[in-house]
Structure formats: structure tokens, C-alpha cells
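Reader: I would like to go through this structure by question and answer. Please keep each reply brisk.

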Amino acid sequence: MPVKFTAGFFSTRLLRTMNIIDKILTREEFQQQPPVLIDIGASGEVHAKWKKIAKYSVCISFDADDREMGYVVQEAKNFRKHYVYNCIVAEKKSEASDFYLTHSPYCSAMLEPDIEKLNDYAFAELFEVEKKVRIKAIDLPSVISELSITKIDWFKTDSQGTDLRLFQSIGPELINKVLVAEFEPGLIDAYKGEDKLHALLA
């Protein structure tokens with residue numbers, strides 16, 4: 001006899017899952033040391049996978065804009081505490097680093113797009129460089145030291161070609177404490193000198 005699942009069944013299961021998350025993350029241990037989330041290439045919205053844990057977590061996000069380098073602290077909005085750095089994050093900090101503004105803002109990067117290799121693809125025009133600018137960049141070790149971070153629970157990055165080097169820059173001690181690492185490594189030759197999937201897997 002086939003088993004039927006109703007919408008109510010799934011709603012109950014979801015509610016139970018959320019209750020378990022709430023019970024765990026309201027424990028004293030997590031009140032003292034909440035989950036720490038790193039978001040490089042933040043889109044301005046809460047990462048979908050973080051929605052159930054966001055209000056219990058500390059998030060450090062990076063999203064370049066025209067303001068001075070530094071961070072602002074946002075509390076009780078989406079996260080327990082949210083440090084927003086209005087700059088790009090790089091392997092090494094710099095007062096003036098090259099940044100390539102492309103036809104699609106989602107393809108803009110510190111690495112130069114490899115237009116010659118991209119010409120075989122229909123989406124090549126998205127990577128066309130409209131302007132090269134010089135902007136400030138900060139490195140993760142400086143941020144970690146500034147905020148007195150001792151662990152990172154979830155490391156998420158979409159840096160357009162530099163994911164692996166940014167992850168490695170935090171050092172083996174912190175890397176060994178990371179529970180989840182989420183990357184978007186290169187599969188094709190989109191940027192010159194980019195971190196590729198095979199290097200990440202190795």
C-alpha cells in the first residue's frame with residue numbers, strides 16, 4: 001500500500017527541525033560563543049542556507065562600494081550581530097588594488113577577465129571590462145585580529161577567482177575549525193590566474 005505525505009506532514013517536520021535548531025542555539029554555550037559566518041561577495045541579502053541560524057549568529061560580510069574602508073555594525077536585523085565591511089577583501093591588504101568593472105556587475109573582479117578565452121562562449125560580453133579602477137582592499141587576517149575572532153564556523157565566498165587563496169590566508173589553525181566551507185571556483189578560463197576547481201579539491 002503506497003504511503004501518502006500531506007503538506008501538513010512536511011510543515012510539521014519543518015517546525016520540528018526549526019524547534020531543534022532553536023533549542024540548540026539558545027543554549028548557554030552558543031550564547032557565549034555564537035556561530036561565526038563569513039560572507040565574501042555578499043549580495044545584501046541573507047544567504048538562503050543561513051536563514052534558520054542567522055538570528056543566533058555573528059556575520060562578517062564584505063561588499064565593495066564607494067565609502068571609506070572600515071565596517072559598520074548592524075544588530076537585531078537579520079543576525080545577532082553583523083559586521084559589514086564596505087571594501088573588497090584580498091589575499092593581502094592594499095591602499096590601491098586594481099579592480100575590473102565589467103559589463104555585468106556580477107563579473108567584476110580583482111582579476112582581469114580572460115576575454116580571449118571567453119570569446120568561445122555566448123556570455124563573453126558579460127565579462128567585457130568597462131573600466132579599471134584602483135580601490136582599497138583589506139585582508140582576512142587583519143579583520144580576524146580586529147574583531148578578535150577565534151573561530152569561523154561557515155566560510156562562504158564568491159570572489160570571482162580568488163576563493164582558494166582567501167581561504168588559505170586565514171591560516172591552518174582557523175581552517176581546521178571551519179565546519180562548512182562554500183566556494184564558487186573556476187571551471188573555465190574566465191579570469192587570468194584564477195583559482196580553479198582542481199586546485200581547490202587538491
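Predicted model: local features only at pLDDT ≥ 70, side-chain atom pairs only at ≥ 80, totals over all residues.

Reader: Is strand β4 largely enclosed or largely open, and how many of its residues are buried?

Author: Strand β4 covers residues 81-85. It is largely enclosed by the rest of the structure, because the buried ones among its five residues number four.

Reader: Which residue of β4 is the bridge partner of Val58?

Author: Strand β2 spans residues 58-62 and pairs with β4. The two run in the parallel sense, over five bridges. Val58 has its bridge partner in β4, and that partner is Lys81.

Reader: How many residues does the largest nonpolar core have?

Author: Those with the most contacts inside this core include Ile60, Phe62, Tyr85 and Leu140. At least two of its residues come from each of β1, β2, β4, α4 and α5. In soluble globular proteins, nonpolar side chains tend to be buried together. The residue count of the largest core here is 24.

Reader: Another core lies apart from it; how many residues does that one have?

Author: Among its members are Ile21, Cys59, Phe79 and Trp154. Cys59 is buried, with a relative accessibility of 1%. The size of this other core is 11 residues.

Reader: How many disulfides are there?

Author: A disulfide would need two cysteine sulfur atoms within 2.5 Å. Cys87 is buried at 4% relative accessibility. The disulfide count is zero.

Reader: Is Ser97 buried or exposed?

Author: Ser97 sits in strand β6, residues 94-102. Leaving out residues up to four places away in sequence, Ser97 touches Met110, Val133, Arg134, Ile135 and Ala137. The cut-off for buried is under 20% relative accessible area. Ser97 has 9% relative accessibility, so the class is buried.

Reader: Which residue forms a salt bridge with Arg134?

Author: The structure holds 11 salt bridges. In the one formed by Arg134, the closest N and O atoms are 2.7 Å apart.

Reader: Asp114, Lys117, Asp189 and Lys196 are linked in a network of salt bridges. How far apart are the closest N and O atoms of Asp189 and Lys196?

Author: Asp114 forms a salt bridge with Lys117, with the closest N and O atoms 3.9 Å apart. Asp114 is buried at 12% relative accessibility, and Lys117 is partly exposed at 41%. Asp189 is partly exposed at 33%, and Lys196 is buried at 18%. For Asp189 and Lys196, the closest N and O atoms are apart by 2.6 Å.

Reader: Where is Ser148 found?

Author: Most residues other than glycine have a negative phi, and most peptide bonds are trans. Ser148 is not a glycine, yet its phi is positive, near 55 degrees. Ser148 is exposed, at 59% relative accessibility. It is found in the loop between α4 and β8.

Reader: What is the phi of Gln160?

Author: Gln160 lies in the loop between β8 and α5. Gln160 is buried at 17% relative accessibility. It is not a glycine, but its phi is positive, about 60 degrees.

Key:
Residues numbered from 1 in each chain as written. Heavy atoms only, no water. Buried < 20%, exposed > 50% of the residue type's maximum accessible area, 1.4 Å probe, protein only. Pairing = 2+ DSSP bridges. Core = buried A, V, L, I, M, F, W, Y, C linked by side-chain atoms within 4.5 Å. Contact = heavy atoms within 4.5 Å. Salt bridge = Lys/Arg side-chain N within 4 Å of Asp/Glu carboxyl O.
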